[in-house]
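Please look through the structure shown here with the report beside it.

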Amino acid sequence: MQHPVSAPIGLTAANYADRIGFAQLTRQAFEGVDLHPLRDQLVARIAAGTALAGEGLDLSLITQLLGDKDQGLAIQSEVLTFHQLFRTPSAAPQPGLRVLALAADIDMGGNTPIDFLLEGSDIELLTLYVVKGVGLPETLPEHDVAIVVASDSEECREALALIEKAAPHWPRPLLNRPDRIGNLDRDKLHRLLADVPGLDIPATIHATRAQLSDLAQGQIACEDIAGELHFPIIARPRGSHAGVGLAKLDDAAALAAYLAERKEQDFFVARFVDYVSPDGLYRKYRLAMIDGKPYACHMAIADRWDIWYLNAYMAFSEEKRAEEAVFMLDFDHVFAARHKSALDEMSRRVGLDYFIVDCAENERRELLVFEADNTAVVHNMDSPAVFPYKPPQMRKIFAAFTAMLSRYARAGRESAT
């Protein structure tokens with residue numbers, strides 16, 4: 001039954017379904033384990049009518065990991081119609097803390113992959129999916145601290161709205177409050193951070209296909225779409241992720257060719273900032289902001305502006321890895337110190353307890369922010385033989401995250417007494 005908005009929310013013993021979980025299955029896929037046998041086993045259990053709800057959710061994730069996103073989402077939605085609460089057990093025999101993650105019915109990249117951040121800890125993770133037409137239960141499972149893991153995407157809006165209505169009556173500390181997750185939307189983030197000293201964030205502007213078509217044909221100028229816009233521009237379809245449809249367009253002819261290849265009706269456009277270093281290479285950083293403090297997640301180095309860690313081929317360059325190792329080792333007193341005021345102000349304005357920032361430095365060595373979100377994967381899956389400096393850094397991030405959860409849980413207990 002859906003929770004009435006104005007009533008206090010009670011707590012009860014958890015009626016959860018166990019699952020293998022996101023981190024363990026993703027790690028297996030990353031390491032090259034063939035997931036087909038497990039998928040076939042789970043499909044057989046469903047066909048026989050003996051599958052449990054947690055196994056259904058695991059099957060959904062396996063199906064997505066094997067490349068069939070639509071089928072995986074269909075399985076997930078079907079499972080969530082009759083069960084919404086799932087447990088990922090902790091590594092410890094007795095959990096030291098119970099965390100309730102509030103998720104949305106979305107693809108595997110649409111909720112914070114919190115399982116990775118809790119790996120190896122004594123924290124028991126309960127994930128409650130807030131589903132359209134079902135909403136929040138009248139009584140929540142017993143927990144010490146809750147965190148919203150749904151993203152700012154369109155598909156999560158209804159789930160976030162339901163959580164937001166219940167937030168004032170939440171019986172335990174609630175992190176990453178839903179009203180603040182919307183700050184991460186590409187166009188909102190620019191408005192929020194545009195005047196932060198030492199920070200450069202190009203305006204991300206919504207543009208319709210008709211507007212861009214007019215621009216490509218010379219009927220309007222860049223400035224007619226937005227004052228700061230000029231060629232070259234960066235374009236991407238609205239709602240796209242992981243670089244799908246991302247392009248640098250140098251002039252109207254390039255824009256016309258781009259539109260001819262795309263079917264979408266809505267796009268995001270922004271001015272291009274050439275952040276190339278003096279040595280001709282581009283350097284892009286991923287930071288985790290935890291409890292207001294920045295942590296280095298990775299540094300990607302490539303000879304192209306559109307960098308992701310995978311296309312930087314860091315594993316194939318000892319020189320690049322050596323530079324990344326120094327970046328992590330010196331991070332607190334070099335990069336973080338250089339951008340301290342900008343990072344502090346960004347964290348204050350965004351107002352989230354945990355989020356990720358993808359950034360670089362512009363030619364003036366200001367912090368150039370590309371995007372911020374709460375769902376980017378921060379993991380410890382890279383080979384310690386190839387990246388020996390990474391496991392200590394990842395453990396540092398995970399320890400900071402679990403310490404934050406513990407601090408809020410402790411404050412919640414103290415305020416209740």
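## Aromatic rings in the interior

Phe327 and Phe335 are both buried in this model, which is a predicted one. Together with Tyr285 and Phe331, these two residues form one aromatic cluster.

The structure holds 15 aromatic pairs. One of them joins Tyr309 and Phe387, whose ring centres are 6.4 Å from each other and whose planes make an angle of 45 degrees, an arrangement that counts as tilted. This pair links distant parts of the chain, since the two residues are 78 residues apart: Tyr309 belongs to the loop between strand E15 (293-302) and helix H12 (318-330), while Phe387 belongs to the loop between strand E17 (367-373) and helix H15 (390-416). Tyr309 has a relative accessible area of 15% and is therefore buried, because the cut-off for buried is under 20%. Phe387, with a relative accessible area of 5%, is buried as well. The pair of Phe327 and Phe335 is edge-to-face, because the ring planes stand at 85 degrees, with the centres 5.6 Å apart.

If neighbours within four places in sequence are left aside, the residues in contact with Leu184 are Asp152, Leu189, Val350, Leu352, Ala372, Asp373 and Asn374. Ser153 lies 31 residues from Leu184 in sequence, and the C-alpha atoms of Ser153 and Leu184 are 9.4 Å apart in space.

## The protein as a whole

The chain contains 15 helices and 17 strands. Its radius of gyration is 22 Å, close to the 22 Å that the globule rule gives for 417 residues, so the protein is as compact as a globular protein of that length. Of the contacts with a separation of 6 or more, 71% are between residues 24 or more positions apart.

## Burial, surface and charge

Buried residues account for 52% of the 417 residues. The protein exposes about 19000 Å², and carbon and sulfur atoms supply 52% of that area. Among its side chains, 42 are positive and 59 are negative, and the centres of these two sets lie 3 Å apart.

Note on methods
Residues are numbered from 1 along each chain as its sequence is written. This is a predicted model: local features need pLDDT of at least 70, side-chain atom pairs count only at pLDDT 80 or more; totals for chains, interfaces and linings use all residues. Side-chain values use heavy atoms; hydrogens and water are left out. Helices (H or I, at least four residues) and strands (E, at least two) are DSSP runs, numbered from the N terminus. The radius of gyration is taken over C-alpha atoms; the globule rule is 2.2 Å times the number of residues to the power 0.38. Buried means under 20% relative accessible area, exposed over 50%, partly exposed in between (1.4 Å probe, protein chains only). Contact means heavy atoms within 4.5 Å. Accessible areas come from the Shrake-Rupley method with a 1.4 Å probe; for residues, only the protein chains shown count as cover. Lys and Arg count as positive and Asp and Glu as negative; His and the chain ends are not counted. The place of a charge is taken as NZ of Lys, CZ of Arg, CG of Asp or CD of Glu. Rings of Phe, Tyr and Trp (its six-membered ring) pair if their centres lie within 6.5 Å; planes under 30 degrees apart count as stacked, over 60 as edge-to-face and the rest as tilted.
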